[in-house]
Amino acid sequence: MTKRMKRILIFAVVLVATLAIVMPTSADTPTFEAAGFVEESPNGIYIVRLIDEPVVAYEGNIKGFKATKPADGKKIDPFSTAVTRYVGYLDSKHDEALGKVGGGRKVYDFRYSINGFAAELTLDQANKLSLLKGVMSVEPDQMYTVDTVTTPDFLGLTATGGLWDMGYTGEDVIIGIVDSGIWPESFSFSDRTGTNGNDTKDGKLDYQQIPGWHGKCTPGEDFTASDCNQKLIGAQYFNAGYGGDAGIDADRPWEFNSPRDYNGHGTHTASTAGGNNGVPAEVSGVDLGTISGMAPRARIAAYKALWSNEDGTQSSGFTVDLVAAIDQAVADGVDVINYSISGSTTLMNTSVAISYLYAADAGVFVASSAGNNGPGASTVAHNTPWQTTVAAGTHDRFYSGMVYLGDGSDYEGASIDSRGVGPADLVYAGDAGDALCAIGSLDPAVVTGKIVVCDRGIYARVDKSYAVMEAGGIGMVLANVTPASLNADLHYVPSVHVDDVAGAAIRAYAQTAGATATLTGGILASIEAPQVAAFSSRGPALAGAGDLLKPDIMAPGVDVLAAVAPPGNNGRNFDFYSGTSMSSPHIAGIAALLKDAHPDWSPMMIKSALMTTASTTTNLGNPISGGYFDYGAGQVVPNSAFDPGLVYDAGFYDWLAFLCETSDAVSAGTCNALASMGYSLDPSDLNYPSISIGALPGSQTVTRTVTNVGTPGTYHVSVDAPAGIDVTVDPASLTLGTGESASYTVTFTGNASIVANAWTFGSLTWSKGPYEVTSPISLYPVALAAPAEVAGLGADGSLDFEVTFGYTGDYTAAPHGLVAATMTAGNVLDDPTDSFAPFGPGTTLHFITIPAGSAYARFSLFDAYTDGNDDLDLYVFYPTGTFAGGSGSGTSAEQVDVLFPMAGDYYVFVHGWGTDGPDANYTLFSWAVPAAPGSTNMTVTAPAAATVGATQTVTVDWFGLAAGTKYLGAVSHSDASSLLDLTLISVDTD
């Protein structure tokens, strides 16, 4: 494999914007302060990613090491000779990199879904590692937290003709749960569910061993290998981020140093995704009926990487442990992973995200929680296309309780408690010590024998009722203070949870003399559903600038009843939890059902089937409140996803091409190579079940490809056009046999009613008989689109480029420059360490002055301007010492650009990574394009007005340029009041 093609599988080193250096002090060399290339880790542990492919992606390009990438539909064998030899090679590279910076305490090797290691390092060592050739990134460890009678009935799984009725229950599909561990004694995970089925040895074994499963049960505190069985087939734990067992004992001594769950979150998600069918759920003498996971015959493998606080209200874990858990799950051979854990809202290239990229490439379906930071916009997390991001909705089961006040008014709320209480005096907790009802905060002299109104917030809801009971209260009204969900929790005293409107009225009444109230016991009722939970995080996604619609889909996430761990749940074996943590395992389990039904489907085909058959209406036929940024494609409809008709598929190279324009994760060389292979770098062209354009300048065309997994026939398209947009689909019909694929284009053009700088929504549906394959559309019209750069040749010349308008009004195109390059000759020695460090071996420093009032600065090296076959790299620092940019391809063609640069002397290092002799001669080029319009050697001819949807030509003429150099200028695009965009003009007279 050539160096250039090798870049296809390489992610570029990401250098954070706060980067800076400390220069040696002397009379001639100024010192300036900076913090280093890498942000400091909170626990001293860093994740280091290296250049070679992980096991699931390695195709055999290294001499002496056979390919380990599994064939389509197959899994890796971590014990095969090829895998173990390649793992040894990766480990040796990890050790070699660590050795180059003086060593460190390595805590994990990552080999299967990501290549790298985690090590305890000094900040200086982390900085040095980030500059080693072959090191793609060094990421400080971070902490993440959880995103916190039966939904199978609500989702139609138990219906006649539904997936369960057809025999698809997840048989032998393996669901990996990366979470807080597992409570193995739960009936949800028993393998003795046959005749006399229960959790003891007299029940008949109803599961058999799965051939080829490589997972294990790691013994530990209160957990033995025999705690696993043929249902719970794997359980491991990861705690290096906390300092191993000793660190957990010191920091969280109540926790189990084992896969055993203390918190209950992991047990809850596991039983929701794949717990046994028909498990009786009884809590505190209340019979709650039976529960079931979505894929009741699936197997469970638990990977504990989250560790609980003492009261069980929160679990958290470090990135290193989460990545290690994911890596092990892929090595073991899981089919599905559920990840109900918080994540980045802005980045797509975290170690967790990249681990899941390779996992998806290896055929693993990944469901992730959208986050619990709603209802605000742009709060959604897990915004990569290879993960399925799940919003939380309500379900049709509601336990209704009533609050009857002494003034004759009454209010409905949520209550599962059948006891009821009152009439009794009513008091506001704010008048008894603490409106939020913290444990120990209420005055018994005020509360004893009374019903207490507690404000929602800060503390766990059930802890508030404990505080009331502790102070002698006999009942509680839990009052929302802002719009939020209503939850029927298992409280310590009879309680009713009311919304913010009712809460305000009840709170006000409770503060009047002689206030009384009566609470009725909860009654199970069927209500209209689903609606989006208030806490569920919303789009548009910050990562990707709106070119990917997130969340993807919605599933139940409010008051989900499932198994839990007694230590963190007041001794209960079952409880109601709410959060996108609860909606995500619904999708993981349903994906397991589709994997059971269609073992040849890729993860993206499963995702497509789920999204294109989702519903945007409630069980009463009304629209779900909100829109695509709230619920994605809609509420999941599992039975329809079984036979979706058409699917949209995508793979590894598609995802890399998507990352080219949406992140810093992929090098320019990689992106160029992908483009030469025919991959579109426009992220809106990703073959995804939804269509989103984060900046639509009047008109844009996107391409999609569908594969027919249904019966042969002809599909016809229909469009619900977004407001202000004309939509054309070509072709308008597709005739496909089973297994055949076809592409189509969709052109979006703004019309006279378009509104710029505001989202607009619609949908596109392909129909054939019973099939309706629907894709949501989200568009953000903008004022103008122009090319980022155009190039010309010669001392005199002309070129044209097009601009597309998203508005109607005044338009001005003005010239800036052209500016001849400042050409600086230099010489650099070869760096035998192949590791850049400012003033280190093989570096030459240049000071390049950028004047005030510059719109653009560029620094470049060219292959033609070195004296041999050299590989030189370029690193640029602001006058303050902070990092401005770097370029390190496999040649000497390097470029660093700075938009609207600060004025001053820039520190520009040329690094001799690979010279063809002891040194190399080169020429460094630099430009500073003025911000003020004007030119003596370039003119611009352009239309004087813009018309929405119109594409017009801008002509640039240049003249009288000197021979033998390179020029850089710009054309600015403005409306009547502001700068809209900038197009660079580069002219070569060489």
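**Exercise 1. How exposed is glutamate 221, judged by its relative accessible area?**

You're looking at a predicted model, where local features need pLDDT of at least 70 and side-chain atom pairs count only at pLDDT 80 or more, while totals for chains, interfaces and linings use all residues. Residues are numbered from 1 along each chain as its sequence is written, and side-chain values use heavy atoms, with hydrogens and water left out.

*Solution.* 
- Step 1: get the scale. Buried means under 20% relative accessible area, exposed means over 50%, and partly exposed is in between (1.4 Å probe, protein chains only).
- Step 2: Glutamate 221 has a relative accessible area of 35%, so it is partly exposed.
- Step 3: find it in the chain. Glutamate 221 belongs to the loop between strand E6 (174-179) and strand E7 (232-237). Helices (H or I, at least four residues) and strands (E, at least two) are DSSP runs numbered from the N terminus.
- Step 4: Together with Asp222, Asp245 and Asp249, Glu221 forms a negative surface patch. For a patch, residues need over 30% relative accessible area and no salt bridge; like charges are joined within 9 Å, and nonpolar side chains (Val, Leu, Ile, Met, Phe, Trp, Tyr) within 5 Å.

**Exercise 2. Take two salt bridges, lysine 128 with aspartate 124 and arginine 538 with aspartate 630, and work out where their partners sit.**

*Solution.* 
- Step 1: recall the rule. Side chains of opposite charge can pair when their charged atoms come close. Here, a salt bridge is a side-chain nitrogen of Lys or Arg within 4 Å of a carboxyl oxygen of Asp or Glu. The structure has 27 of these salt bridges.
- Step 2: take lysine 128 and aspartate 124. Their closest N and O atoms are 3.2 Å apart. Both sit in helix H3 (residues 123-130), 4 residues apart, so about one helical turn separates them. Lysine 128 is partly exposed at 43% relative accessibility, and aspartate 124 is partly exposed at 44%.
- Step 3: now arginine 538 and aspartate 630, whose closest N and O atoms are 2.8 Å apart. Arginine 538 is in the loop between strand E23 (523-526) and strand E24 (553-556), and aspartate 630 is in helix H14 (residues 628-631), so this pair ties together parts 92 residues apart in sequence. Arginine 538 is buried at 9% relative accessible area, and aspartate 630 is buried at 17%.
- Step 4: Lysine 550 and aspartate 552 meet in a salt bridge at 2.7 Å, N to O, and both residues are buried.
- Step 5: finish with a network. Salt bridges link Glu59, Lys69 and Asp361.

**Exercise 3. How many aromatic pairs are there, and what do two of them look like?**

*Solution.* 
- Step 1: set the rule. Rings of Phe, Tyr and Trp (its six-membered ring) pair if their centres lie within 6.5 Å; planes under 30 degrees apart are stacked, over 60 edge-to-face, and the rest tilted.
- Step 2: count. That rule gives 37 aromatic pairs.
- Step 3: pick one. Phenylalanine 629 and phenylalanine 761 are edge-to-face, 5.1 Å centre to centre with 85 degrees between the planes. This pair links distant parts of the chain, with phenylalanine 629 in helix H14 and phenylalanine 761 in strand E34 (residues 760-768), 132 residues apart. Phenylalanine 629 is buried at 11%, whereas phenylalanine 761 is partly exposed at 34%.
- Step 4: pick another. Phenylalanine 925 and tryptophan 927 are stacked, 6.1 Å centre to centre with 25 degrees between the planes, and both are buried.
- Step 5: zoom out. Tyr628, Phe629, Tyr631, Trp759, Phe761 and Tyr780 are linked by ring pairs into a cluster.

**Exercise 4. Look at the backbone around proline 731, leucine 818 and isoleucine 458, and describe what you find.**

*Solution.* 
- Step 1: Most residues other than glycine have a negative phi, and most peptide bonds are trans.
- Step 2: check the peptide bonds. Aspartate 730 and proline 731 are joined by a cis bond with omega about -5 degrees; proline 731 is in the loop between strand E31 (725-730) and strand E32 (733-736). The bond from glycine 817 to leucine 818 is also cis, with omega near 20 degrees, and leucine 818 is in strand E40 (residues 812-820).
- Step 3: Isoleucine 458, which is not a glycine, has a positive phi near 65 degrees. It is exposed, with a relative accessible area of 73%.

Note on methods
Areas by Shrake-Rupley, 256 points an atom, 1.4 Å probe, with all protein chains shown as cover. Lys, Arg positive; Asp, Glu negative; His and termini not counted. Charge placed at Lys NZ, Arg CZ, Asp CG, Glu CD.
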